[in-house]
Amino acid sequence: MPSDAEAFFTVLEELVDQARHRLHAWKVQQEAVPPAPAAVLNAEPPRPPGVKTATARVDPATILKASDLAPYIDHTLLKPEARAEDVVRVAEEARQYGFATVCVNSCHVATAARVLAGASAVPIAVVGFPLGAALPSAKAFEAREAIRAGAREIDMVLNLGALKAHDYQRVHQDISAVVEASHPLPVKVILETGHLTDEEKVVACALSKAAGAAFVKTSTGFGPGGATVKDIELMRAVVGDDVGVKASGGVRSAEDAVKLLRAGANRLGASASVAIVTGQISTAQY
């Protein structure tokens, strides 16, 4: 009889094969379906605002004006030189504009949690950020400590080297360690799509879903590239509606945001959040 490890690896290989089939089906669909028309941000006629859901697609018809995007935005401050007063400012902006969360490095979670107490927005901590090359035990420890400090969601960076080496069992174990440490709070897995081929993106999504992640996420914002419509469509095609998709990296306007929601994202990571919901275009590089 095969060992438990052999059986587990066989299951992972089956997941990867399924993911490759989904990649092929997605490519066929892209060739057959014309691109969707550009979204129109219009405040008329008045309708009820959209409702943020845990993992499913967003109905673009509920986004009538730029401010309707706020409940889908993770307001982000991950610069290494960020100070406590910067975190306070960002958290106060989240309260003012109604953003979903505030995403910060784990050392700033307690500050964000203090400012957000009683607000609808909650703190997110990034883990293994931005390289993803820490030990699974270190990532799990950081997640637990961040939750102890007040984090209510965890965004972790997967092990890119293990993924590229086809060490799928190691990738799965890495994600699982953080999911287990964070339970029952949701974990988003940052793929850093700018470093990956389409097949690697598909495999990363499949492994994230198998490991119990609540979301897959495009980018750290510190790697090459950022969120693209193509990547969001591909990621959504792999994970379906029972895992969320977060578009992060280079989202600087309401137009960018709506295109990504239309493609299948249901959460947006942005440092330009205020510009987005007030109908401006950010020129910031981060």
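This is a predicted model: local features need pLDDT of at least 70, side-chain atom pairs count only at pLDDT 80 or more; totals for chains, interfaces and linings use all residues.
Colleague: Hi! Leaving aside its neighbours within four places in sequence, which residues is Asp-155 in contact with?

Modeller: Asp-155 is in contact with Cys-103, Ile-124, Ala-125, Val-126, Val-127, Lys-188, Ile-190, Lys-217 and Lys-246. Contact here means heavy atoms within 4.5 Å. Residues are numbered from 1 along each chain as its sequence is written, and side-chain values use heavy atoms, with hydrogens and water left out.

Colleague: Thanks. Which residues does UniProt list for "active site"?

Modeller: The UniProt entry, an unreviewed one, lists Asp-155, Lys-217 and Lys-246 under "active site". They span 92 residues in sequence, yet no two of their C-alpha atoms are more than 10.2 Å apart, so they gather at one spot. UniProt positions are in the numbering used here, feature names are shortened, and annotations may be inferred rather than shown by experiment.

Colleague: Where are Asp-155, Lys-217 and Lys-246 found?

Modeller: In strands. Asp-155 sits in β4, residues 153–157, Lys-217 in β6, residues 215–217, and Lys-246 in β7, residues 244–248. Helices (H or I, at least four residues) and strands (E, at least two) are DSSP runs, numbered from the N terminus.

Colleague: Is Asp-155 buried or exposed? And Lys-246?

Modeller: Asp-155 is buried, at 0% relative accessible area, and Lys-246 is buried with a value of 0% too. Lys-217 counts as buried at 2%. The cut-offs are under 20% relative accessible area for buried, over 50% for exposed, and partly exposed in between (1.4 Å probe, protein chains only).

Colleague: What joins the side chains of Lys-217 and Asp-155?

Modeller: A polar contact of 2.9 Å. That term covers a pair of N or O atoms within 3.5 Å; within protein, one must be able to donate a hydrogen and the other to accept it, and residues adjacent in sequence count only if both atoms are side-chain atoms. Setting aside residues up to four places away in sequence, Lys-246 touches both Asp-155 and Lys-217, and its other partners include Asp-74, Arg-267 and Gly-269.

Colleague: New topic: how many disulfides does the count come to?

Modeller: The count comes to zero disulfides, a disulfide being a pair of cysteine sulfur atoms within 2.5 Å. Cys-103 is buried at 1% relative accessibility, whereas Cys-107 is exposed at 61%.

Colleague: How many residues does the largest nonpolar core have?

Modeller: It has 76, and Leu-69, Ile-154, Leu-163 and Ile-276 have the most contacts inside it. Another core lies apart from it, with seven residues, among them Ile-124, Val-126, Phe-129 and Val-157. A nonpolar core is a set of buried Ala, Val, Leu, Ile, Met, Phe, Trp, Tyr and Cys residues joined through side-chain atoms within 4.5 Å. In soluble globular proteins, nonpolar side chains tend to be buried together.

Colleague: What do the buried residues of α9 pack against?

Modeller: They pack against α8 (229–239), β7, β8 (267–270) and α10 (273–277). The buried residues of α9, which covers 254–263, are Ala-254, Ala-257, Val-258, Leu-260, Leu-261 and Ala-263. Leu-69 is in contact with several of these, including Ala-254, Ala-257 and Leu-261. Just after α9, Gly-264 has a positive phi of about 135°.

Colleague: Which peptide bonds are cis?

Modeller: The one joining Phe-129 and Pro-130 is cis, with omega about 0°, and so is the bond from His-183 to Pro-184, with omega near 10°. Pro-130 is in the loop between β3 (122–127) and α4 (136–149), and Pro-184 in the loop between α6 (168–182) and β5 (187–190). Most residues other than glycine have a negative phi, and most peptide bonds are trans.

Colleague: What about Glu-192, what is its phi?

Modeller: Its phi is positive, about 55°, although Glu-192 is not a glycine. Glu-192 lies in the loop between β5 and α7 (198–210) and is buried at 3% relative accessibility.

Colleague: Last one: how many helices and strands does the chain have?

Modeller: There are 10 helices and eight strands, and 49% of the 286 residues count as buried.
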